[in-house]
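Take a look at the structure below, then follow the points in order.

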Amino acid sequence: MTNYDILQKAKQLKPIEQELLSMTYDYPLRAIAKQTGVSHVHITKEVTKARKQILGEDLKGYKNKRLRYKKL
């Protein structure tokens with residue numbers, strides 16, 4: 001899957017899903033929940049659903065950059 005494909009799939013998401021995805025790169029989920037007044041559990045479900053729509057069910061293309069200091 002190329003970057004162009006990923007961008008095209010991201011553009012097909014609902015606007016709220018696009019906004020939540022963009023917010024997750026700058027803020028933790030609990031901070032987003034506090035800003036928006038929505039439960040962090042609901043935000044987690046929506047963000048995971050959006051990632052699955054973009055990358056497919058396996059989510060192997062997603063890497064959480066906040067955890068880059070933790071090596072397995």
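1. **Overall layout.** The chain's secondary structure consists of four helices and zero strands, giving the pattern α-α-α-α along the sequence. Helices here are DSSP runs of H or I with at least four residues, strands are E runs of at least two, and both are numbered from the N terminus.

2. **What kind of model this is.** This is a predicted model, in which local features need pLDDT of at least 70, side-chain atom pairs count only at pLDDT 80 or more, and totals for chains, interfaces and linings use all residues. Residues are numbered from 1 along each chain as its sequence is written, and side-chain values use heavy atoms, with hydrogens and water left out.

3. **Confidence.** The chain has a mean pLDDT (the predictor's confidence in each residue, from 0 to 100) of 83, with 79% of residues at 70 or more. Confidence is highest in helix α3 (residues 29-36), with a mean of 92, and lowest in helix α1 (residues 3-11), with 87.

4. Of the 72 residues in the chain, 19% are buried; buried means under 20% relative accessible area, exposed over 50%, and partly exposed in between (1.4 Å probe, protein chains only). Among contacts (heavy atoms within 4.5 Å) with a separation of 6 or more, 49% link residues 24 or more positions apart.

5. **The nonpolar core.** Which residues make up the largest nonpolar core? There are ten: L13, L20, L21, M23, I32, A33, I43, V47, A50 and I54. Such a core is a set of buried Ala, Val, Leu, Ile, Met, Phe, Trp, Tyr and Cys residues joined through side-chain atoms within 4.5 Å. Helices α2 (15-24), α3 and α4 (40-55) each supply at least two residues of this core, and α4 gives the largest share, four residues. Leaving aside residues up to four places away in sequence, A50 touches L13, E17 and L21.

6. **The salt bridges.** The whole structure has two salt bridges, each being a side-chain nitrogen of Lys or Arg within 4 Å of a carboxyl oxygen of Asp or Glu. In one, the closest N and O atoms of E17 and K49 are 3.6 Å apart. Because E17 sits in helix α2 and K49 in helix α4, this pair ties together parts 32 residues apart in sequence. E17 is buried at 2% relative accessibility, whereas K49 is partly exposed at 33%.

7. Through shared partners, salt bridges join E17, E46 and K49 into one network.
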